[in-house]
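Biologist: Could you walk me through the inside of this one? I'd like to go through the spaces, the helices and the rings in turn.

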Amino acid sequence: MSALSGKTVLVTGGAGFIGSHLIDRLVSENPKKVIVIDNLSLGREENLESAKISLGDKLACYWFDACDLEKVQKVIEDENVEVVYDLAVIPLPASLKDPYNNVLSNVSLSLVLCELLRLKKFDTLIHFSSSEAYGTAQYVPIDEGHPFVTSTPYAASKAGGDQLCLSYAKTFDLDIRILRPFNNYGPRQNSREFAGIIPIVMNNYHRKEPVTIFGDGEQTRDLIFVEDTAEAAVRMYENESTRGLVTNIGSGIETSINKLVATMLEQLGESDWEVNHTDPRPSDVRRHCAGVKRAQELINFEPQTSLDIGLKQTIDWYLSSGENG
């Protein structure tokens, strides 16, 4: 029997990109109920269409900001929540436009759940961090002991949220586990404001516009398919050994932005598509590659989706959905 079977699980940010895939993955765990809190700033109700069909009245959605402690507490109490997955976030590009509110919101999102866990309103918190907390790799692969060399207010806010979680876990002996994902991609990734490189390429393809890459394009990312991250999140709960620890989730493979864009255009049958380069963004991480030894040892994690296959599934989704910004 699944460890999550019969549990009531809350996912903050559950209508978002990664959150909705996690909810799809939770369906097969036979939970008692799945609760979503999302303010729909980036998330979309349509991301939950499949889950609504599968879960029926076992899915409950609340559309408000998860920074509101009193509202979150009421949902947790009313629904008898036992496990919380913390995915609500204000994304990195927003911190370049409005750093004050980005940092305030992201730290508050973590603090609200830590405090409610301290008050024994639920049992286990699985907090989603970000590889941005590491900044540019000082060495590769980046293991969990790598220093924080944050280069954006967003990265600092995620590092701060992580430290809050770890401090609460240690001070109050709480069951908190931190999943630190690297660069997720896949169907449903936001293609509107604050979009990442993959949806940007698809947007430009739809509009028949050149693709623009910041800098020389040799900056690297560790790309992990979103369904693999969702699987890791379930395993994080199943394995008590993850309690009180940070666990990287990535592919362990570096991919340059140039290679990523070239692979996408090749799969689209547009290898000759115009690609331009512009000035680098001063906040860009130069190099990322996940050290995943802990994930392999503690939760037996190995990504199941190669970049080629994952990109094909992602591109097919954008083409079939007509999704573009």
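**Inside the model**

Modeller: The lining of the largest cavity is made up of Asp86, Ala88, Asn106, Leu109, Ser110, His127, Phe128, Ser157 and Lys158. On a 1 Å grid over the protein atoms alone, a cavity is a set of points where a 1.4 Å probe fits but cannot get out, and lining residues have an atom within 4 Å of a point. This is a predicted model, so local features need pLDDT of at least 70 and side-chain atom pairs count only at pLDDT 80 or more, while totals for chains, interfaces and linings use all residues. Residues are numbered from 1 along each chain as its sequence is written, and side-chain values use heavy atoms, with hydrogens and water left out.

Biologist: Which element gives the most to the lining of the largest cavity?

Modeller: Helices (H or I, at least four residues) and strands (E, at least two) are DSSP runs, numbered from the N terminus. Three elements, α5, β5 and α6, each supply at least two residues of that lining. The top contributor, with three residues, is α5.

Biologist: And what volume does the largest cavity have?

Modeller: A volume here is the space filled by probe spheres set on the points, with grid points joined across faces, edges and corners. The count comes to one cavity of 30 Å³ or more. The largest cavity has a volume of about 50 Å³.

Biologist: Which strand gives the most to the lining of the second largest pocket?

Modeller: A pocket is an open set with protein on both sides within 12 Å along at least five of seven lines. The second largest pocket has a volume of about 210 Å³, and its lining has 13 residues, with Leu223, Ser251, Ile253, Ser306 and Leu307 nearest the centre. With three residues, the strand that gives the most is β10 (residues 223–225).

Biologist: Is threonine 255 buried or exposed?

Modeller: Threonine 255 sits in strand β12 (residues 255–256). Leaving out residues up to four places away in sequence, threonine 255 touches Gln219, Thr220, Arg221, Leu223, Leu260 and Leu307, where contact means heavy atoms within 4.5 Å. Buried means under 20% relative accessible area, exposed over 50%, partly exposed in between (1.4 Å probe, protein chains only). At 6% relative accessibility, threonine 255 therefore counts as buried.

Biologist: How far apart are the end C-alpha atoms of helix α6?

Modeller: The expected span of a helix is 1.5 Å times one less than its number of residues. Helix α6 (residues 153–172) has 20 residues, so it should span 28 Å, and the distance between its end C-alpha atoms agrees: 28 Å.

Biologist: What do the buried residues of α6 pack against?

Modeller: The buried residues of α6 include Tyr154, Ser157, Lys158, Leu164 and Tyr168. Valine 89, in the loop between β4 (83–86) and α4, touches Tyr154 and Lys158, among others. The elements that the buried residues of α6 pack against are α4 (92–97), α5 (99–118), β5 (124–128) and β6 (175–181).

Biologist: How many aromatic pairs are there, and which residues form the cluster that includes Tyr134?

Modeller: Rings of Phe, Tyr and Trp (its six-membered ring) pair if their centres lie within 6.5 Å; planes under 30 degrees apart count as stacked, over 60 as edge-to-face and the rest as tilted. The whole structure has six aromatic pairs. Tyrosine 134 and phenylalanine 148 form a tilted pair, 6.4 Å centre to centre with 55° between the planes. The cluster linked by ring pairs is Tyr134, Phe148 and Phe182.
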